[in-house]
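Take a walk through this protein with the model open beside you.

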Amino acid sequence: MRIGIGNDIHRLIENRPLTLGGVEIPSEKGAVGHSDADALLHAITDAILGALALGDIGSHFSDKDERWRNADSSVFLSDAVRLMKEKDFRVVNLDSMVSLEKPKLRPYIYKMRENIAAILEIEIDCVSVKAKTGEKVDAVGEEKAVKAEVIVLLEQPPC
Ligand code: MG
């Protein structure tokens, strides 16, 4: 068994799309980033890489690399999954938390879980996405940022 942790934060500004867990969310503000700035998929990518001690998302996908400008972050996560499978690991389960002041994420959670489960090649029941606000304090509460935290458990099936 291996356990991995990942987190991510992106600044929010007007006139940018907001993508979380591969779902584009109607919002006054969107996340700033080199790629599509999907904080949840970035945190999951880091958690899987972390579980395998394979570095972090920045060491695999530099934000200086023009190939990743506005990239769909599922590309990063899919690559982490490829590296995981090369080592004969699979995901047991994943728990995550997205912190965003508004809009409310509840209507989009199921689709996020579906997207993540498909990329990880596991059942949706093994993917948890929870949403919190920042209670009007800190960067999240002041609507300046979106944040994601992830923990993942991997196993190597017996031969
Ligand atoms: Mg990021």
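In this predicted model, a magnesium ion is held by three residues: Asp8 through OD, His10 through NE2 and His42 through ND1. The coordinating distances run from 2.1 to 2.2 Å. Along the sequence, the donors follow the spacing D-x1-H-x31-H. Asp8 and His10 are both buried. Water is not among the atoms, so the site may look incomplete.

Now turn to the strands. Strand S5 covers residues 90-99, and strand S6 covers residues 127-132. The two run parallel and are joined by 6 bridges.

Next comes the interior. Nonpolar side chains tend to be buried together in soluble globular proteins. Here the largest nonpolar core has 43 residues. Leu20, Leu40, Ile44, Ile48 and Leu120 touch the most other members. Two or more residues come from each of helix H1 (39-51), helix H3 (74-86), S5, H4, S6 and strand S7 (145-155). H1 gives the largest share, 9 residues.

Beyond its neighbours within four places in sequence, Leu20 is in contact with Ile25, Asp38, Ala39, Leu40, Val98, Leu100, Leu105, Met112 and Val146. Another core, of 5 residues, lies apart from the largest one. Its members include Phe61, Trp68, Ala71 and Phe76.

Definitions and conventions: Residues numbered from 1 in each chain as written. Predicted model: local features only at pLDDT ≥ 70, side-chain atom pairs only at ≥ 80, totals over all residues. Heavy atoms only, no water. Pairing = 2+ DSSP bridges. Helix = DSSP H or I, 4+ residues; strand = E, 2+ residues; numbered from the N terminus. Donors = N, O, S within 2.8 Å, 3.2 Å for Na, K, Ca; no water. Buried < 20%, exposed > 50% of the residue type's maximum accessible area, 1.4 Å probe, protein only. Core = buried A, V, L, I, M, F, W, Y, C linked by side-chain atoms within 4.5 Å. Contact = heavy atoms within 4.5 Å.
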